[in-house]
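This briefing is intended for a reader who has the sequence and the coordinates at hand. Please consult the display below before turning to the points that follow it.

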Amino acid sequence: MRFLPRSIHWYFCLVLLIALGCGTKKEVLRQPTWDADFYDIAFADTQNGWIVGSQGTILTTRDGGKIWTPQESGVTGDLMAVAFPNPGDGWAAGAQSVVLTTRDGGQRWYGQKVGDVWYTDIAFPDATRGWLASEIRITHTPDGGKSWQGQADGFGFPFYGVYFLSPREGWASGAYGRVLRTEDGGNSWTGWEEGHTWQELRAVFFADPQQGWAVGTDGELIHTADGGQTWEKQESKIPTKPGSHHKYNINDLYFLDAQTGWIVSDGGYLSHTTDGGKNWTLYHTGTRNDLYGVWALDAQTVLTVGLHGMILRSENGGKTWHTLGSKEDSNGGGSDSVGAVPLAGITMSPDGQGWAVGQRGTILRTDDGGESWHPQDTGMVGGFNDLETFDGQRAWAIGDAGMILRTEDGGESWQTQKFNDWHGLHDVQFINDTTGWAIGELGGIFHTEDGGDSWYEQRAFRWESLRSLSFVNLDEGWAVGWPGIILHTTDGGITWQTQQSGGAEELNSVHFADADLGWVVGSYGTILHTENGGQRWSTQDSNTQQHLNEVFFINREAGLAVGDGGTMLFTIDRGQTWKPFDSGTQEDLLDISPAENELLVTGEEGSIIRYTHPDVTVEVLGKPRDTRVQERAESIPGLWSVMHRGDESLRAIEFVDEQYGWAMGEDGTVLRTTDGGRTWQSQETGVPLVGFHFISPDLGFALAQDATYLTTVDGGQSWQIRNADHKPYRLVYSGEGLRQIREPYQLTKVVFPQSSRGWAIGIEGSILHNVDGGSRWSAQEVDSSSHLYGLFFLDAARGWAVGAEGSVLRTTNEGRIWWVEDTGTGVPLYGVHFTDPKYGWVVGERGVILHSEDVGRYWQSQRSGTRVSLRAVWFRDRQHGWTVGDRGTILGTEDGGMTWRPEVVDTSASLYGLWAGERQLWVVGDQGMILVRSLMAQRS
């Protein structure tokens, strides 16, 4: 969590933490009960059971699964399966070809290496005969593991599940929906081939020689009533994964008899049947962790295990679940276990309320300064990466798939503000309770000014990963990420400029103590520092090669950084020296939050650690509200006159002299005036137009959206299509094999800087050029696929096009080469105008106005004072200009855009087009709006 600079009390806190380290207290507030993933569970009887998992983990229970204790396996590889035919004899198998056996219930385990494979399942119907499933074969022992032999070789697919009802009768399931059966202890196997599924079948189970089931990927559940000769699908009720067309994978199943059974899946789901699978009832276990193993002791007592140390027990057949720990509670049952879901972000409010977030949709809430944590359900299954809060009641959480959630009631309910529209968000910061930013993959930067009710892209679609934000006020902020990216904004994110980091490391965190002093940390112990707002960055020695994940400065002198392997560094001299401090853990530390008189740190495996010192007083200040006075320019009334209203949606206007003029509508309507705009007559072209040009009161030409070219010789009373036999088409790749096909152009604008030359632009970077005033238009190549909306040519050689994702294209040679310029913004741009080869302006969504004084290579934002979309711009000279946009917006400037003032108009219609003559400025828009004002009174 990134914070604004806080009280000076923090400085003394860090001094004491370093100088008086012996008095610093480290207290684990939350840690996982089991630091492992669990893959299988098996019981020998109703009391004695075992669980196996990652890193050689083995747990056992002697009371039916209420209390679990670890056993020493002697191996470090993952154990994927376990089987106990009786309380004494057991086997476990998994990675690195390891097979373990015990003869005393697991007090001692003995290992051996069998083959060179990864074992996925195990079956022992008695104490001497057993089978192992692997990616290439079934492996069998006839003598309790003294010797092993391969079976089912040559089938050519991996095996995932194996199950034996007796020493002779068994089944194996695997890839491509295959289920094999043996009736002679595995000496021969027959396969199911007709009408099968293509899913991976991860587990198989038979309640008796005839009734069996197999489960697998994409929610696959199949059933046989004839011992496996024929199979049919059953509806498992396992849900579809959010944002996907596929269901959660089913990983295991268990049946008490031919009627009563359970299946478990990814996402923490369990489904239960009491009629042999004809009907299934879905339950959620209360965790979002994937579940890999399930076992039932009777019709009511069910246990399931899964990722991040989850052990769950139900006493009512699966309706409700209790998370099991390792110690007996006061009621004689297992204590609640803390799942090891990695936590990525933590934040605390001044009153001791806060949240921690992490993978699998995890949100934890504390109301007592971190002493206790309880989960909150958002309904999301994706991972959360960070969150932001103000007062313990209002907060935002961000994460995978562009997810942004907000709560206004302390987390009792969460509302989705944005989801499934981005690859992932990594950081969020609100500078006040309405204005915030979120950043993430593909260079995405999102901004809100209404508390998150609406978010819009300020920057997007670059091969970058942005990881961290730090704003010091409403205007100035920084974002960092990979590869070695440091971005800086001075206009609230409208434009972002790159600062040189000096490397390509992954930069994970940025923090500025004020507008000058800042620090960045990243991979391999990277620490960068600036004392001039990022104009120059220099390296600081961290004395570690561990990846650093978070940096936080309390003031201009004192700060800390945390990282992988429990790394924690402190400095009290602006980073000239960084000193290590014992964090009390070897786990990766990912985030840090100050709380009253303490620091809270969180990281991998779900741990939360508190650091306090008895002689330290820490004051946590709430975030500041927006106290900046929004200056509003005084509106200028009485300059504009309405010359026409109607039903047309007008997009452009043009005059050939003071009397003859035309206004174009998007549906093909053209309005004509012969009396200087006092009256207008309707004309029809019959096709949607994107632009037109008249060279006399009679002779004109127009271009339609699909590149149809029209001319008129009677002032627009009639129009003729001139390129019916040679209209240009786009070549696009489509279908299997990516073959080229022709599609009509979708043009958006056309201009004619000279009567004999024209250019048109459209979607996906389309640019067409006409060189002879005739009807033939040809495509020009451009290294951009952004939709283009605005176009301006200063003369026949020099032109600019603007469009989506803040695109600006520039040519100085009639379009033979178009250079793509970086504007520093991702906001769509709609209008562009240059007064001369150097000075130009572009306008776009959310009131964006950018200005260039170097041909369009570098752009700087100007304050428009509005957030409506601006559609067109025109400048009379370098000082005097106008822009128009939505909601009847007209802005004027007399100082080159340093200040823009609204001009009062009698309409709320959106305005789209500008045209200027010697004496008058014309504007057109929706509702048939045609406006005019005099230019004679404008100071020059």
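The model is predicted. Its protein chain contains one helix and 86 strands. Of its 940 residues, 60% count as buried.

**Overall dimensions and surface**

- Taken along the principal axes, the C-alpha atoms of the protein chain fill a box of roughly 105 × 75 × 45 Å.
- The protein chain exposes about 36,800 Å², and carbon and sulfur atoms supply 46% of this area.
- Among contacts in the protein chain with a separation of 6 or more, 43% come from residues 24 or more positions apart.
- The side chains include 71 positive and 121 negative ones, and the centres of the two sets lie 4 Å apart.

- Four strands in the order 50-51-52-53 make up an open sheet with antiparallel pairing.
- Strand 50 (548-553) and strand 53 (579-580) stand at the edges; each has a single partner strand, so one side of each is left without a neighbour in the sheet.
- Within this sheet, strand 51 (residues 559-563) pairs with strand 52 (residues 568-571) in the antiparallel sense over four bridges.
- Valine 562 has methionine 568, in strand 52, as its bridge partner.

- Four bridges join strand 59 (residues 661-665) and strand 60 (residues 669-673) in the antiparallel sense.
- Tryptophan 662 has arginine 672, in strand 60, as its bridge partner.

**Glycine 64 in its loop**

- Glycine 64 lies in the loop that runs between strand 4 (58-61) and strand 5 (69-71).
- Is glycine 64 buried or exposed? Glycine 64 counts as buried because its relative accessibility is 3%, under the 20% cut-off.
- Leaving aside residues up to four places away in sequence, glycine 64 touches Phe43, Thr46, Gln47, Leu297, Leu303 and Arg313.
- Phenylalanine 43 is 21 residues from glycine 64 along the chain, and the C-alpha atoms of the two are separated by 8.5 Å.

Definitions and conventions
Residues numbered from 1 in each chain as written. Predicted model: local features only at pLDDT ≥ 70, side-chain atom pairs only at ≥ 80, totals over all residues. Heavy atoms only, no water. Helix = DSSP H or I, 4+ residues; strand = E, 2+ residues; numbered from the N terminus. Buried < 20%, exposed > 50% of the residue type's maximum accessible area, 1.4 Å probe, protein only. Contact = heavy atoms within 4.5 Å. Areas by Shrake-Rupley, 256 points an atom, 1.4 Å probe, with all protein chains shown as cover. Lys, Arg positive; Asp, Glu negative; His and termini not counted. Charge placed at Lys NZ, Arg CZ, Asp CG, Glu CD. Pairing = 2+ DSSP bridges.
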